[in-house]
Amino acid sequence: MSSGGNEYYDVLVFGSCIVDFISYVPRLPKVGETLHGTRFATGNGGKGANQCVAAARLGSRTAMIGKLGDDPWGTAYRTTLAAEGVNVEQVEVLPGESTGIAQINVADNGDNQIVIVTGANKCLAPADVLARPDLFERARILICQLETPIEGTIAALQAFRGVSIVNAAPAETNLPHALLSLATIFCVNETEAALLTDMPSVADVQQAKVAVHKLRDMGCKTVIITLGEKGAVFAEPHNPTVYHVQPLKVKSVVDTTGAGDAFIGALAHFVAKHPDAALGNCIAAANRVAAWSVQKPGTQASFPREGDVELPADLATLHDQWERV
């Protein structure tokens, strides 16, 4: 896909690409212990690329700015992203760097251990924003996360004039005020919200309401806190009202991995495609996409394609899915 001419993008992602190596084991090993695993799988991950693929599969024109290592994993990942319809001109393969990887052990009871080596992702920098100003000028929505250096993320937010979404994951304490205040939409899950606001927990809608106000006091504009099976809460600037978006009930949960990324990518897609829609309606639609994904195994493999999820042509019909709390 060429970036020449006056071509626009619905969604531009500035973020991470990570390959997952997953070992399934009866239980997690003790220090120094060797266990026989039952199954091994690899998959493409990294919050940035996940969110980009989620938006692309729903029909958004997408572009990605990211870094991969000069190894077989990086080359294969770039090819796969391109096959999803993502513009990968700015997904750079770096000589002398390894592709970011996550080593994951998953026990039969669901417990896991994860070691992430970010590799080439640590090289995503402000210079990568300056290298392609046209991408930032021609995109409707920008998505960023916290799996790459924060200096680059802040530079990306400063360069962008459209609607920006910061998914503050994995959460860190003492985030710079610029990161909080530059984002049009600041989105976290319940665990991340608790860490950022120094609350003991954010386990229900009322606690999430408190966390929303705390995040607003910290400088955030629009705040969304996702609550898994309890739906999501949100509040917009200059409006003290917090709203609860109801969850979509699913028959059976197969794999929740990547559900948050499916939500973020879908949210960006709906905001880009329906710029006049109420935010609550876009969140309700994104909830449907995330609910669809948890009923399928895998991460990117579980993301729906355009037409898979039953959605109304007019998102306004989803208005009954959310209410003030």
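## The Arg132–Glu89 salt bridge

In this predicted model, the side chains of Arg132 and Glu89 form a salt bridge with an N to O distance of 3.5 Å. The two residues are 43 apart and belong to distant parts of the chain, with Arg132 in the loop between α3 (126-130) and α4 (133-137) and Glu89 in strand β5. Arg132 is buried, its relative accessible area being 12%, whereas Glu89 is partly exposed at 36%. Through salt bridges that share partners, Glu89, Arg132, Asp134 and Arg138 are joined into one network.

## Other salt bridges

Across the whole structure, a search finds 12 salt bridges. One of them pairs the side chains of Asp10 and Arg140 at 3.1 Å, N to O; because Asp10 lies in strand β1 (residues 9-14) and Arg140 in strand β8 (residues 139-144), this pair ties together parts that are 130 residues apart in sequence. Asp10 is buried, at 0% relative accessibility, while Arg140, at 39%, is partly exposed.

Another salt bridge brings together the side chains of Arg57 and Glu84 at 2.8 Å, N to O. Arg57 lies in helix α1 (residues 47-57) and Glu84 in the loop between α2 (72-83) and β5, so the pair connects parts that are 27 residues apart in sequence. Both Arg57 and Glu84 are buried.

Helix α10, which has 15 residues (279-293), reaches 21 Å from its first C-alpha to its last, close to the expected 21 Å. The helix is mostly covered, with 13 of its 15 residues buried.

Gly96, in the loop between β5 (87-94) and β6 (100-107), is exposed, with a relative accessible area of 82%.

Methods. Residues are numbered from 1 along each chain as its sequence is written. This is a predicted model: local features need pLDDT of at least 70, side-chain atom pairs count only at pLDDT 80 or more; totals for chains, interfaces and linings use all residues. Side-chain values use heavy atoms; hydrogens and water are left out. Helices (H or I, at least four residues) and strands (E, at least two) are DSSP runs, numbered from the N terminus. The expected span of a helix is 1.5 Å times one less than its number of residues. Buried means under 20% relative accessible area, exposed over 50%, partly exposed in between (1.4 Å probe, protein chains only). A salt bridge is a side-chain nitrogen of Lys or Arg within 4 Å of a carboxyl oxygen of Asp or Glu.
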